[in-house]
Amino acid sequence: MPEIVCEANVQTVAFSKDGSRLLGICQDGKLRAWDAKTGKPQASANLEGGAGSEPARLVARSLTRDSFATRTGNSLQIRDGETGQIFRQFEDPELRLASATISADRALLAVSGRLPQATSEFTVELVDSSGKPRFRVPAGLGGISVMAVSPDGKTLVAGGFDADLRAWSTANGELLRHIQELNVAMFAMDFSPDGRYLATAGADRTVYLWDTKTWKISRKLTGQAEMISALSFSPDSRLLLTGGFNAVTLKHPVEVLLWQVETGKILRRMPVSQRVESVAFSPDARMGAASVGTTKVFLWTL
Amino acid sequence: VEITGMSTKWTRRDLIENCITRGLLVAGAPALSQSRLFSLWAETTVAPGKPTPTEVLGPFYKKGAPDTRAMRSAGAAGFPLKIGGKVYNVKGEPVQGAKVELWHADEVGLYDLEGYKYRSRLSLENATEYAVDTIMPGHYDDRPAQHVHYMISAPGHRTLITQLYFATDPFFEGDPDKHFKKRNIVGNRDLIRPVMLFEKVGAPSAAVSFDIVLEKL
C-alpha cells in the first residue's frame, strides 16, 4: 500500500465522505488531498482567513472527522473537513490554549488552558454557536491532554495529565463525573459513533472502553507495545485503530493496531516508521490511514 | 565515570571543572562532612517572599507513588544524587504537613509507568524538610534538559506543580544564565539549581538543595 511523503508536517488525516481521497491538515496551513487508492497528490487548499500572518494551525477535529478547528492570529475557526472553508469564527478565548475539541454538529467548541492570572489551575471553556462562552469550569492542576464531545452533543469529556477524567453537561457545565480510577495520563480519546463507548488510551499502553451509561470500564484492551497517542473508532463503531510512540526516541518504529471492539481481539498489526500522530478509517472501514512522524502518511486496505 | 546524555558525553572531570569555573562546586569539600556541607549550602539558597515558580505537570505523572526516601536501589546505574530542601510559606516560615511528590526519568531518560521506580510521595507530617536519595535523571528527545518533577501540597496552601533543573546539565552549555531560555524548555531561571559534587574515590555523588515556597490559599 502507498506510503506518502508530504512536503510539510501532517498533523492529522481523514478520508473524504465518498472515501476516494485522503485529506491531511498540514502545519504550513494547507489542506492537502491524496488519492486513497494510489496515494497520488491531488489539489491542495490554503486555509484562508483569520487575522494573523501565520498559517492556520489545527487545534481540534470533530468526532465524525468532517470538520476541524484551527487558530490563526487571535481567532479560532471551525472549518469544513473537505474544503477548509470557514463555518464559524470565534474570538480567541482569554485562555492560554492547551487543547480543544468540537461537537459533531459543529455547534460547540470546547477549549482548555490556563487563565493569564492563574498559577497552576486549568480551565475548560465551552463556546456555543452564539460565539460567546456558555460556561467556564475548573479542570484540575495538571492540564488537559485530550477532550471530546459525545455524538449527541450532550457531554463534554476531558482527560488530564493528572490522570483524571472529567465529564460535564454541555448544557450548563455541571460536573457529571470526576473519574479518578486511572493512574496515568491519557493522550487520545474517541467516542464510538453509536455513543455506547468512550475509548481512552495513553501512557500505560492500554485502551479503556468506558460504558457511557454507567461510566464504568467495560473492557481493557491490551497488546500495544508502545504508549498510545492516536485512536479512532470506525464509523460503524465495531473497529478501532490505535497508534503509539516510543517514549525514549520518537523516531523508533512503532505499530498501528486494528482491534475488534466487541472481543478486544487484535486483528492486525501494521508497522510504521515513527510516532503516530493520527489514525483514520474510510467511511466503509475498508481502508485505514495514519499520519506518522512529521511528514509521512500510511494507507492500508484493511 | 561518565554522565551520559543523548548526544553529549561529559566525563565527570569535565563536569567538575565546569562547575568550578561557574562557582557551582564547593572546592575542597572533603574537609567537611557531607551533611554539614549540605546544610551550609542549603542555608544560602533560602529565598522567602516569592512563591516557587510553576512548571507543567508533564505527560508521565503516575498516581499512587510510595512514601520513600530511598528512591535509588543499591548498585543502580546512574549518578547518585541527594535532593533535599525545606518547605516555606511566602513569609519565610517553615510549613508543616506537606506532601512532597517527586518523579523523574531513569539514567537513560525513561519514566517507569509499569511500576514506581524513581517516584516518591513523601508525607512530611510534623517535619518541614524533605530529602531523597536518587540518581541524576537522564535526557530524552522531547525534553532534553535533565529535570525532576514536583507536586507539593500542604494544608491551607495552594498546591504547587514545578520542576527542578540542574546547573551542571550539558544542555545549559556551562552557562545557565545565558542558555536557560534555549528551546523554551525551562520556564524560569530560578528552577535551575547548583549541583554540589562529592569527590569520594570510587563513589562520587551529587547533591542539590531545592526549597519550596508555597502560597497561602
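Val100(B) touches Val87(B), Ser120(B), Arg121(B), Leu122(B), Leu124(B), Tyr130(B), Tyr150(B), Met151(B) and Ile152(B), leaving aside residues up to four places away in sequence; contact here means heavy atoms within 4.5 Å. The model is a predicted one, where local features need pLDDT of at least 70 and side-chain atom pairs count only at pLDDT 80 or more, while totals for chains, interfaces and linings use all residues. Residues are numbered from 1 along each chain as its sequence is written, chains are lettered from A and ligands numbered from 1 in the order in which they are written, and side-chain values use heavy atoms, with hydrogens and water left out.

Now zoom out from Val100(B). Along with Tyr130(B), Tyr150(B) and Ile212(B), Val100(B) is among the residues with the most contacts inside the largest nonpolar core, a set of 40 residues. Such a core is made of buried Ala, Val, Leu, Ile, Met, Phe, Trp, Tyr and Cys residues joined through side-chain atoms within 4.5 Å. Buried means under 20% relative accessible area, exposed over 50%, and partly exposed in between (1.4 Å probe, protein chains only). Several strands of chain B each supply at least two core residues, including strand 3 (80–89), strand 4 (99–104) and strand 6 (129–135). Strand 8 of chain B gives the most, with 4 residues. Strands are DSSP runs (E, at least two residues), numbered from the N terminus.

Next, the place where the chains meet. Chain A puts 24 residues into the contact and chain B 21. About 1,800 Å² is buried between them, with carbon and sulfur atoms giving 57% of that; buried area is the accessible area (1.4 Å probe) that two parts lose on being put together, summed over both. The rule finds 3 salt bridges across this interface, a salt bridge being a side-chain nitrogen of Lys or Arg within 4 Å of a carboxyl oxygen of Asp or Glu. Glu114(B) forms a salt bridge with Arg205(A), and their closest N and O atoms are 3.2 Å apart.

You'll find Arg205(A) in the loop between strand 19 (197–202) and strand 20 (207–211) of chain A, and it is partly exposed because its relative accessible area is 27%. Its phi is near 65°, a positive value in a residue other than glycine. Most residues other than glycine have a negative phi. Glu125(B) also has a positive phi, about 50°, without being a glycine. Glu125(B) sits in the loop between strand 5 (119–123) and strand 6 of chain B, and counts as exposed because its relative accessibility is 57%.
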